[in-house]
Amino acid sequence: MSKTIIIGACGQIGTELTLELRKRKGVDNVIAADLKEECPDILKDGIYVKMDILNREMVREYIIDHQIKEVYLLAALLSATAEKNPDFAWKLNMEGLFTILDLAKEGHITKIFWPSSIAVFGPTTPRDNTPQYTVMEPTTVYGISKQAGERWCEYYFNKFGVDVRSIRYPGLISYTSLPGGGTTDYAVDIFYKAKAENSFNCFLSADTELPMMYMEDAIRATIELMEAPSQKVKIRSSYNLSGCSFTPAQLAKEIETLQPGFTISYSPDFRQQIADSWPNSIDDSRAREDWGWQEKYGVKEMVKIMLENVNVNLMA
Ligand code: NAD
Ligand code: AKB
């Protein structure tokens, strides 16, 4: 079995993706890498390497020396954090991608997963059932970096035959690790506050509808796309992917059904403007047609699982 590395493995997606890939490929074949000094306890059964994706030489040497063939590049600044440090966000989100694309172009890597986001869309995009191909004028540095990244992925595929695959993830909801500074983070935070205080003050307004997905669906989609035969992966920029869509008020109502007395209040901040530029819902028919994508979790199932599993100590 060839070796796989996940760069950004200690984050919200990386933690769960590492666990799942280790189950499938064997613990010793899946290396977790991240900027953090130490990885979370849950990943300690396998190899962990402290790696800065911006250290191009170290990354190249490690991947070549260890004959790593598959790379999942997750390290990035997310939408809200990126707005606070746009120069660095652009550097981090783009330079790491070039390091990995170049390794593949030179023949050291055979397959890359690089995530994009619904943030590639902007205020001029049709908001309902947003199509795969449409107007894309993102207004955040995060969205601009993801859109540019998509263009470069497609370019490296067309020009150099680099096998790079990508999904435009919606907001992801999970309980194993905390989200890392996005606009959709409220939809995770709400469960911790519901458990701890039975109330939540939301940084988006009541009627802000956004596309979301339960993490298990996102991990399965990622692995299904990576395992799909190359000829089925017809889009080499990034695939639209849909789970469910809801507003903070609708989510709060679902929580209140299972946890009577739960209340929500609203104090929109700078993230409202970001959310207002993103779609309400996504048309993912190309992912369904090309590689058979089908979501499993709706809002009700996701809310039940989250309330049963969030550990409030994680947020302390
Ligand atoms: P996260 O912030 O939770 O995790 C990112 C990880 O990258 C962190 O563990 C961080 O320590 C690490 N990292 C940061 N800088 C690094 C560096 N220089 N070198 C190595 N590691 C570094 O993010 P996430 O939510 O897991 O997202 C992963 C990817 O998926 C990102 O590219 C993000 O844009 C994309 N994405 C996430 C979501 C979501 O809802 N979580 C939605 C759409 C797209
Ligand atoms: C964010 O809110 O920045 C992310 C994303 C949708 O890309 N969760």
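**Close-up views of a predicted model**

**View 1. Aspartate 34 meets ligand 1.** A polar side-chain atom of aspartate 34 sits 2.6 Å from an oxygen atom of ligand 1. This model is predicted. Glutamine 12 also approaches an oxygen atom of ligand 1, with a backbone N or O atom at 2.8 Å. For leucine 74, a backbone N or O atom is 3.3 Å from an oxygen atom of ligand 1. Ligand 1 exposes 830 Å² when taken alone, and the protein buries 92% of that.

**View 2. An open sheet of six strands.** The strand order is β3-β2-β1-β4-β5-β7, and the pairing is parallel. The edges are held by β3 (48–50) and β7 (164–165). Each has a single partner strand, so one side of each has no neighbour in the sheet.

**View 3. Strand β2 beside β3.** Strand β2 covers residues 30–34. Three bridges join β2 to β3, and the two run parallel. Alanine 33 in this view stands opposite valine 49 in β3. Strands of a sheet pair through backbone hydrogen bonds.

**View 4. A nonpolar surface patch.** Trp152, Tyr155 and Phe160 make this patch, which is about 280 Å². Phenylalanine 160 belongs to helix α5, residues 141–160. Is phenylalanine 160 partly exposed, or buried? Its relative accessibility is 37%, so phenylalanine 160 counts as partly exposed.

Conventions. Residues are numbered from 1 along each chain as its sequence is written. Chains are lettered from A and ligands numbered from 1 in the order in which they are written. This is a predicted model: local features need pLDDT of at least 70, side-chain atom pairs count only at pLDDT 80 or more; totals for chains, interfaces and linings use all residues. Side-chain values use heavy atoms; hydrogens and water are left out. Patches are made of residues with over 30% relative accessible area and no salt bridge: like charges are joined within 9 Å, nonpolar side chains (Val, Leu, Ile, Met, Phe, Trp, Tyr) within 5 Å. Accessible areas come from the Shrake-Rupley method with a 1.4 Å probe; for residues, only the protein chains shown count as cover. A salt bridge is a side-chain nitrogen of Lys or Arg within 4 Å of a carboxyl oxygen of Asp or Glu. Helices (H or I, at least four residues) and strands (E, at least two) are DSSP runs, numbered from the N terminus. Buried means under 20% relative accessible area, exposed over 50%, partly exposed in between (1.4 Å probe, protein chains only). A polar contact is a pair of N or O atoms within 3.5 Å; within protein, one must be able to donate a hydrogen and the other to accept it, and residues adjacent in sequence count only if both atoms are side-chain atoms. Two strands pair if DSSP finds at least two bridges between them.
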